Amino acid sequence: MPASNVVLPQHATLAQVIITSVEWLFEPYWTGDRLIARLHDGEVSLTDSGGEPAGPEFADAAEELANATDADAAVIDGIWTAQPFVGVTGARRWAETLAEEGLVDEAPDPLSMETRRAFVAIDLVELDGQSLVDVPYQERRRLLASIIAENVRVRLSPAVKQPIRAWLHAWRDNGFSFYVAKHVNSRYRAGEYADDWLILSAEPEKGPSIVGRVFGQRPKKLRRIED
């Protein structure tokens with residue numbers, strides 16, 4: 001069982017939603033290993049999505065994040081992922097080429113072929129000993145951006161407002177099939193599935209039943225969220 005002081009990540013809920021409201025922020029849905037990073041005295045300890053200590057294979061993630069975070073203490077929610085490097089000219093295209101040339105029966109998962117990794121920070125749960133779980137998401141994002149010095153191994157997930165059509169096109173080109181909508185005033189509910197964090201398909205032609213099988217959730221009926 002995880003220790004009582006371990007923070008479990010908040011999860012987004014699968015949804016069929018058309019959002020036109022400016023009260024939401026949007027970011028790509030990162031694939032990889034969900035990690036909670038706790039910075040203290042210049043060192044980072046990591047726990048996984050179940051609250052258990054992360055294995056030695058994540059030592060690079062801890063070291064890189066410690067060097068890139070300007071704070072005395074912090075708890076950061078993020079993903080250790082190869083996804084930033086998967087695009088039409090990277091591992092994604094190479095996987096498609098292998099299949100086209102008949103060298104494999106089907107195109108392999110691009111992430112399985114990519115050895116580079118980055119820690120992508122998506123939220124800030126505590127800062128300098130103060131809990132931020134009841135601070136609105138937009139403010140948590142601002143604080144997170146203020147303490148992260150981005151580099152090739154540590155990144156801050158983009159969070160954009162409407163209109164997002166150009167962003168969706170770019171994300172799809174870089175291998176993202178899903179994106180996440182987060183209300184600007186949403187709080188952080190550790191270990192819960194939030195109704196104000198929503199997973200949406202970046203590829204509208206995919207039906208809800210297919211998307212649901214990916215996440216093991218049944219999306220609610222299509223609805224609109226407007227101002």
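This is a predicted model: local features need pLDDT of at least 70, side-chain atom pairs count only at pLDDT 80 or more; totals for chains, interfaces and linings use all residues.
E139 forms a salt bridge with R142, and the closest N and O atoms are 2.6 Å apart. Both residues lie in helix α4, three residues apart, about one turn of the helix. R142 is likewise partly exposed, at a relative accessible area of 48%.

## Salt bridges across the sequence

A search of the whole structure finds seven salt bridges. One of them joins the side chains of E27 and K182, at 3.2 Å from N to O. E27 lies in strand β3 (residues 24–28) and K182 in strand β10 (residues 178–183), so this pair ties together parts that are 155 residues apart in sequence. E27 and K182 are both buried.

The side chains of R189 and D134 also meet in a salt bridge, at 3.2 Å from N to O. R189 is in the loop between β10 and β11 (193–201), and D134 is in the loop between β8 and α4, so the pair ties together parts that are 55 residues apart in sequence. The relative accessible area of R189 is 34%, so R189 counts as partly exposed.

V135 is found in the loop between β8 (130–131) and α4 (137–147). Leaving aside neighbours within four places in sequence, V135 is in contact with R140, S186 and R187. The C-alpha atoms of V135 and L124 are 9.9 Å apart in space, and the two residues are 11 apart in sequence.

## Packing of α1

The buried residues of α1 are A61, A62, L65, A66 and A68. These buried residues pack against β4 (33–40), β5 (43–47), β6, β7 (118–127), α4 and β9 (154–156).

## Negative surface patch

A patch of negative charge on the surface gathers D41, E43, D70, D72 and D128. The relative accessibility of D72 is 63%, over the 50% cut-off, so D72 counts as exposed.

## Overall composition

The protein has six helices and 12 strands. Of its 227 residues, 43% count as buried. The protein exposes about 12000 Å², of which carbon and sulfur atoms supply 49%. Among contacts between residues at least 6 apart in sequence, 75% join residues at least 24 apart.

Definitions and conventions
Residues are numbered from 1 along each chain as its sequence is written. Side-chain values use heavy atoms; hydrogens and water are left out. Patches are made of residues with over 30% relative accessible area and no salt bridge: like charges are joined within 9 Å, nonpolar side chains (Val, Leu, Ile, Met, Phe, Trp, Tyr) within 5 Å. Accessible areas come from the Shrake-Rupley method with a 1.4 Å probe; for residues, only the protein chains shown count as cover. A salt bridge is a side-chain nitrogen of Lys or Arg within 4 Å of a carboxyl oxygen of Asp or Glu. Lys and Arg count as positive and Asp and Glu as negative; His and the chain ends are not counted. The place of a charge is taken as NZ of Lys, CZ of Arg, CG of Asp or CD of Glu. Buried means under 20% relative accessible area, exposed over 50%, partly exposed in between (1.4 Å probe, protein chains only). Helices (H or I, at least four residues) and strands (E, at least two) are DSSP runs, numbered from the N terminus. Contact means heavy atoms within 4.5 Å.
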